[in-house]
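Biologist: Please take me through this model by question and answer, giving the cut-offs as each term comes up.

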Amino acid sequence: MTASESVSKARNGGLSRERLINLSDRLRVANLHKKELNFKLVVIGDFGVGKTSIINRYTDGEFSSSYKVTIGADFAVKTLEWDEETRINLHLWDIAGHERFGALTGIFYRHSVGAALVFDLTRPETFKSIKKWLIDLRKKVSLPGGLAIPTILLANKGDITTETIPADINDFCLENNIMAWFITSAKNNIQIDEAMLKLTNNALRNHHSLQFPLITDDVIKLATENGHGPPNGEPNTRRFYCCGT
């Protein structure tokens, strides 16, 4: 039985206070020695398709129906206790969908190891823009050796309609080397965890075979330059802001 399993059992009764303290100490020491990985994932697509809502749902478990325009880029961090030896910090970058920020995307994409492309099922024209976003992404960022970063496609707002799913979406993904697509809903929390798990698994697989650059410098620079730090909240989720007003 692992330390974490024992602590879980203790919460349901059956272990003494001294034993619980001992197990908690063991778990704390084990966490200190975990291998910690930082993966930067970008979430891109036209404005208003739900990128911010998807990130908020995944990192904070929250949804808001009010729409707030992303200025430049925001990012949040979600920590995954992947296994007993590995902790993964996912840096999810919410890239503004307005064209006036197009010149900055290369900066925002830097060091990305995965991407989620998002379109809005209530606005079918946003699917037509996915190709443009994909071309921009692959022109400006790649894995070591020039390999394309793993990408998934999210057909968002599936709680409202699924009748507008493009008939050629499977062929589109196959032709453009998109590894999977998902019908998602930030409002109803549909398939967001599954989509991010798919992306994280591929990033981890590439990490074992490729040497990723560090993203720590970008994180520190952006947080410091803008004078923002993580707000009080859940210990495993942290939100930062970049280029906002």
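Biologist: In which loop does lysine 157 lie?

Modeller: Residues are numbered from 1 along each chain as its sequence is written, and side-chain values use heavy atoms, with hydrogens and water left out. Helices (H or I, at least four residues) and strands (E, at least two) are DSSP runs, numbered from the N terminus. In those terms, lysine 157 is placed in the loop between S5 and H7.

Biologist: What is the relative accessible area of lysine 157?

Modeller: Its backbone has a positive phi, near 65°, in a residue other than glycine. For accessibility, buried means under 20% relative accessible area, exposed over 50%, and partly exposed in between (1.4 Å probe, protein chains only). Lysine 157 counts as partly exposed, with a relative accessible area of 23%.

Biologist: Which hand does the β-α-β unit of S5, helix H7 and S6 have?

Modeller: Two strands pair if DSSP finds at least two bridges between them, and S5 (residues 151-156) pairs with S6 in the parallel sense over four bridges. The bridge partner of leucine 153 in S6 is tryptophan 181. A crossover is right-handed if, with the strands pointing away from the viewer, the path from the first strand over the helix to the second runs clockwise. The unit that S5, helix H7 (residues 169-175) and S6 make is right-handed.

Biologist: Along strand S6, which side chains point to one face and are buried?

Modeller: The side chains of S6 (residues 180-183) alternate between two faces.

Biologist: What is the relative accessibility of glutamine 191?

Modeller: Glutamine 191 lies in the loop between S6 and helix H8 (192-209), and its phi is positive, near 60°, in a residue other than glycine. It counts as partly exposed, at a relative accessibility of 31%.

Biologist: What distance separates the C-alpha atoms of aspartate 193 and threonine 59?

Modeller: Aspartate 193 is found in helix H8 and is partly exposed, with a relative accessible area of 42%, whereas Thr59 is among the buried residues of H3. Although the two are 134 residues apart along the chain, their C-alpha atoms are separated by 9.8 Å.

Biologist: Why is helix H3 described as largely enclosed by the rest of the structure?

Modeller: The buried residues of H3 (residues 51-60) are Lys51, Ser53, Ile54, Ile55, Arg57, Tyr58 and Thr59, and the helix is followed by glycine 61, whose phi is positive, near 70°. H3 is therefore largely enclosed, since its buried residues number seven of the ten.

Biologist: Over how many bridges do S1 and strand S3 pair?

Modeller: Strand S1 (residues 35-44) is mostly covered, with seven of its ten residues buried. Four bridges join S1 to strand S4 (residues 114-120), which runs parallel to it, and leucine 41 stands opposite glycine 114 there. With strand S3 (residues 86-95), where tryptophan 93 is the bridge partner of valine 42, the pairing is also parallel, and the bridges number nine.

Biologist: At what distance from the ring centre of tryptophan 93 does lysine 40 lie?

Modeller: A charge sits over a ring if NZ of Lys or CZ of Arg is within 6 Å of the ring centre and within 35 degrees of the ring normal. Lysine 78 lies over the face of tyrosine 58, at 5.1 Å from the ring centre. Lysine 40 lies over the face of tryptophan 93, and its distance from the ring centre is 3.9 Å.

Biologist: Which residues form one aromatic cluster?

Modeller: Rings of Phe, Tyr and Trp (its six-membered ring) pair if their centres lie within 6.5 Å, with planes under 30 degrees apart counted as stacked, over 60 as edge-to-face and the rest as tilted; by this rule there are three aromatic pairs. One of them is edge-to-face, formed by phenylalanine 119 and phenylalanine 127 at 5.0 Å centre to centre with 65° between the planes. Both of these residues are buried. The cluster consists of Phe119, Phe127 and Phe172.

Biologist: What pLDDT does the chain average?

Modeller: Over residues 2-13 the pLDDT stays under 50, and for them the model has 15 contacts (heavy atoms within 4.5 Å) beyond four places in sequence. Residues 216-245 are also below 50, with 53 contacts beyond near neighbours in sequence. Where pLDDT is low, the predicted coordinates should not be read in detail. Of the residues in the chain, 66% score at least 70, and the average is 78.

Definitions and conventions. Predicted model: local features only at pLDDT ≥ 70, side-chain atom pairs only at ≥ 80, totals over all residues. pLDDT = per-residue confidence, 0-100.
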